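Me: I would like to go through this protein by question and answer, one step at a time.
Reply: Here it is, and the questions follow.

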Amino acid sequence: MNVLITGTSSGIGNGLALAYLRRGENVWGISRRKPVDLARHNTYRHLQADLTDTDLMKDLLPEFIKDQNQFDLVILNSGILGEIRLMNEITADEMKKVMETNVWANKALLDAFFLKRIQIRQVVGMSSKASLRSSPGWGSYSMSKAGLNMLMNIYAKEYPDTHFISFAPGLVDSEIQDYIFNIKETEKYPTTKVMQE
């Protein structure tokens, strides 16, 4: 089985990659940092790159996945939370950074695959419950994950031979969770209070 996962340096992406490698699958990983634990496996290939540099990815991705014409699974896991702040406290430029990582980088990656006419059986966009509800402080993240959900829906209509889903994994032990647990203004951001309890 051929699996490509973004954001393999830590968190969910790292855990998923390790699980597939232990099953003997071929895994292609993309992240800004090279995961030493995954690199020990013979069936792991890594591209160290920033997915938000979409022009660079257009050049790097075809070479990275050369000799492959089919992937069983592509997991679009790479993402950022941004800062938990009220909408009037966060700038449009700060929100753009979150959207760039959580939405546009995924679009560019998918386009590169389909432009190369690579068959993909299943695409999973790593979403969040935050995409379905509005909570104070979560504006950038919620909007970006809602955008990711719609991206998956649109591609599903345009590429019916590939199955697309958005998946919300819930609370996971990760750097994002560490950040949330250290937020002190829980009365201002009630969702973080619930998550810390």
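**Burial, cores and helices**

Me: Is Ser128 buried or exposed?
Reply: The model is a predicted one. In it, Ser128 has a relative accessible area of 14%. Buried means under 20%, so Ser128 counts as buried.

Me: Where is the place of Ser128, and which residues does Ser128 touch?
Reply: Ser128 sits in the loop between strand S5 (119-126) and helix H5 (139-158). Leaving out residues up to four places away in sequence, Ser128 touches Tyr141, Lys145, Phe167 and Ala168.

Me: Ser127 lies in that loop too; is Ser127 buried or exposed?
Reply: Ser127 lies in the loop between S5 and H5. Its relative accessible area is 7%. The limit for buried is under 20%, so Ser127 is buried.

Me: Which side chain does a polar contact join to that of Ser127?
Reply: Not counting residues up to four places away in sequence, Ser127 touches Lys145, Leu148, Asn149, Ser166, Phe167, Ala168 and Pro169. A polar contact of 2.7 Å joins the side chain of Ser127 to that of Asn149.

Me: Lys145 is touched by Ser127 and by Ser128. Is Lys145 buried or exposed?
Reply: Lys145 is found in helix H5. Its contacts, leaving aside neighbours within four places in sequence, are Asn102, Met126, Ser127, Ser128 and Ser131. The relative accessible area of Lys145 is 4%, so this lysine is buried.

Me: How many Å separate the C-alpha atoms of Lys145 and Asn102?
Reply: Along the chain, Lys145 and Asn102 are 43 residues apart.

Me: How many Å apart are the end C-alpha atoms of H5, and what span should H5 have?
Reply: H5 has 20 residues, and at 1.5 Å a residue they should span 28 Å. The expected span counts one less than the number of residues. The end C-alpha atoms agree with this, being 29 Å apart.

Me: What covers the buried residues of H5?
Reply: The buried residues of H5 are Gly139, Ser140, Tyr141, Ser142, Ser144, Lys145, Leu148, Asn149, Leu151, Met152 and Tyr155. An α-helix has 3.6 residues a turn, so residues three or four places apart point the same way. The cover over the buried residues of H5 includes S4, H4, S5 and strand S6 (163-167).

Me: Which element gives the most to the largest nonpolar core?
Reply: The largest nonpolar core has 27 residues, and those with the most contacts inside it are Leu4, Ile30, Leu61, Ile65, Leu109 and Phe113. Two or more residues come from each of strand S2 (26-31), helix H3 (54-64), strand S4 (70-76), helix H4 (92-115), S5 and H5. The element that gives the most, with 6 residues, is H4.

Me: How many residues are in the other core that lies apart from it?
Reply: Tyr20, Leu38, Ile75 and Met126 are among the residues of this other core. The core has 13 residues.

Me: Which residues is Leu109 in contact with?
Reply: Leu109 is among the residues with the most contacts inside the largest core. Leaving aside neighbours within four places in sequence, its contacts are Leu4, Thr6, Ile30, Leu51, Met57, Leu61 and Leu76.

Me: At roughly what angle do the axes of H3 and H4 cross?
Reply: Thr54, Met57 and Leu61 in H3 meet Glu100, Trp104, Ala105, Ala108, Leu109, Ala112 and Phe113 in H4. H3 passes H4 in a right-handed crossing. The two axes come within 10 Å, and they cross at roughly 35°.

Me: What phi does Asp67 have, and is Asp67 buried or exposed?
Reply: Asp67 is in the loop between H3 and S4. Most residues other than glycine have a negative phi. Asp67 is not a glycine, yet its phi is positive, about 70°. With a relative accessibility of 72%, Asp67 counts as exposed.

Me: What phi does Arg117 have, and is Arg117 buried or exposed?
Reply: Arg117 is found in the loop between H4 and S5. Although not a glycine, Arg117 has a positive phi of about 60°. Its relative accessibility is 75%, and exposed means over 50%, so Arg117 counts as exposed.

Technical notes:
Residues numbered from 1 in each chain as written. Predicted model: local features only at pLDDT ≥ 70, side-chain atom pairs only at ≥ 80, totals over all residues. Heavy atoms only, no water. Helix = DSSP H or I, 4+ residues; strand = E, 2+ residues; numbered from the N terminus. Buried < 20%, exposed > 50% of the residue type's maximum accessible area, 1.4 Å probe, protein only. Contact = heavy atoms within 4.5 Å. Core = buried A, V, L, I, M, F, W, Y, C linked by side-chain atoms within 4.5 Å. Polar contact = N/O pair within 3.5 Å; in protein donor to acceptor, adjacent residues only side chain to side chain. Axes fitted to C-alpha atoms, helices over the stretch in contact; angles between N-to-C directions. Left-handed = near helix turned anticlockwise from the far one by under 90°.
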